[in-house]
Amino acid sequence: MQASQIEIVPFGPDHLEAAVALSRQAGWPHRTEDWQLALALSDGMVAVEDGRVVGTVLVTPYKRDCATINMVIVDETMRGRGLGRKLMDAALLIAGDRPLRLVATTAGLPLYQKLGFHETGTVAQHQGLAGDIAASAETQAATDADLPAIVALDRLAFGADREGLLSYFAGIGAFDVIRRDGHVSGFACLRPFGRGEVIGPVVAADLGQARKLIEHFIARRPGRFLRVDTTAETGLSPWLVEQGLAHVGGGITMKKPLVRDTADPTATTFALASQALG
């Protein structure tokens with residue numbers, strides 16, 4: 001019997017239905033719309049065996065600053081055959097000489113380490129039905145005119161220009177801001193995702209400001225399903241649990257190569273992790 005051949009081919013719109021099925025198999029909440037968003041902002045590859053999509057990977061570039069690797073999924077029937085490595089090799093070619101970031105599962109960690117990625121921290125995913133709280137009087141809905149300031153703040157905190165991503169989020173979701181001396185000093189985003197909505201990214205000067213920005217959206221979604229991704233360093237996790245958003249898992253943040261940190265030390269970032277687009 002002739003062995004089947006696996007092809008690594010460019011990810012196109014005709015692969016979306018199969019990609020949704022793969023993410024559901026992996027226990028991920030992505031809808032077709034979430035995959036469409038990710039593909040609109042990314043380049044990617046799929047592994048195809050006998051006409052069936054058995055693996056995916058996406059690379060999301062942020063101009064020349066860096067790129068994130070997302071949606072690395074291998075069909076459970078194909079694991080242990082080196083397919084993850086083939087998909088990652090294809091992703092590295094797409095990314096070129098950009099510094100890379102991703103969020104790894106424990107299972108994927110050994111492969112990424114072999115490819116030169118280094119651990120930089122952890123992500124804590126919180127989700128659940130939002131509690132009934134009051135919004136801070138300091139926050140307000142952002143306007144279209146605020147987007148350049150939001151992009152600039154995010155660039156300082158994230159260390160890369162994510163104008164395309166944030167513009168896309170503005171089209172499907174909403175931003176709130178805090179102003180100091182007439183200028184935007186912090187922001188948060190709310191957008192549809194998975195079972196409900198996700199709050200993030202959030203960029204704030206301190207923990208108190210971050211809580212107020214998140215409260216703005218929780219207060220407008222009592223009893224609704226929300227998700228927030230954060231890190232242990234922010235100190236947000238206990239407070240998020242109090243708001244009804246339980247800690248349900250997370251991942252390991254990684255970079256390749258180790259890049260000089262360009263983030264503003266006065267800003268705290270609570271960004272969507274590699275699941276960023278997910």
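Gly27 is exposed, with a relative accessible area of 61%; exposed stands for over 50%, buried for under 20% and partly exposed for values in between, computed with a 1.4 Å probe on protein chains only. The model is a predicted one, in which local features need pLDDT of at least 70 and side-chain atom pairs count only at pLDDT 80 or more, while totals for chains, interfaces and linings use all residues. Residues are numbered from 1 along each chain as its sequence is written, and side-chain values use heavy atoms, with hydrogens and water left out.

Gly27 lies in the loop between H1 and H2. Helices (H or I, at least four residues) and strands (E, at least two) are DSSP runs, numbered from the N terminus. The phi of Gly27, which follows H1, is positive, near 85°. Between Gly27 and Phe158 there are 131 residues of sequence separation and 28 Å in space, C-alpha to C-alpha.

Helix H1 spans residues 16–25, and its buried residues are Leu16, Ala19, Val20, Leu22 and Ser23. These residues are on the same side of H1 because they cover an arc of only 160° around the axis, the arc being that of the directions from the helix axis to the C-beta atoms. An α-helix has 3.6 residues a turn, so residues three or four places apart point the same way. Glu17 and Arg24 are exposed on the face of H1 turned away from its buried side. The buried residues of H1 pack against helix H2 (32–41), E3 and E4, where contact means heavy atoms within 4.5 Å.

Strand E4 (residues 66–74) is mostly covered, with eight of its nine residues buried. E4 pairs with strand E3 (residues 52–62) in the antiparallel sense over seven bridges; two strands pair if DSSP finds at least two bridges between them. Within this arrangement Thr60 stands opposite Thr68 in E4. The hairpin of E3 and E4 has three residues between the strands, and Lys63 there takes a positive phi near 50°. With strand E5 (residues 100–104), E4 pairs in the parallel sense over two bridges, and Thr68 stands opposite Arg101 in E5. E4, helix H3 (residues 83–95) and E5 make a right-handed β-α-β unit. Right-handed means that, with the strands pointing away from the viewer, the path from the first strand over the helix to the second runs clockwise.

The largest nonpolar core has 25 residues, and those with the most contacts inside it are Ile69, Leu102, Phe117 and Met254. A nonpolar core is a set of buried Ala, Val, Leu, Ile, Met, Phe, Trp, Tyr and Cys residues joined through side-chain atoms within 4.5 Å. At least two residues of this core come from each of strand E2 (43–49), E3, E4, H3, E5, helix H4 (109–114) and strand E12 (246–256). H3 supplies the largest share, seven residues. Another core, of 19 residues, lies apart from it and includes Leu41, Ala157, Phe169 and Phe187. In soluble globular proteins, nonpolar side chains tend to be buried together.

The structure holds zero disulfides, a disulfide being a pair of cysteine sulfur atoms within 2.5 Å. The sulfur of Cys66 has its closest cysteine sulfur in Cys189, at 18 Å, which is too far for a bond. Cys66 is buried, with a relative accessible area of 1%, and Cys189 also counts as buried, at 0%.
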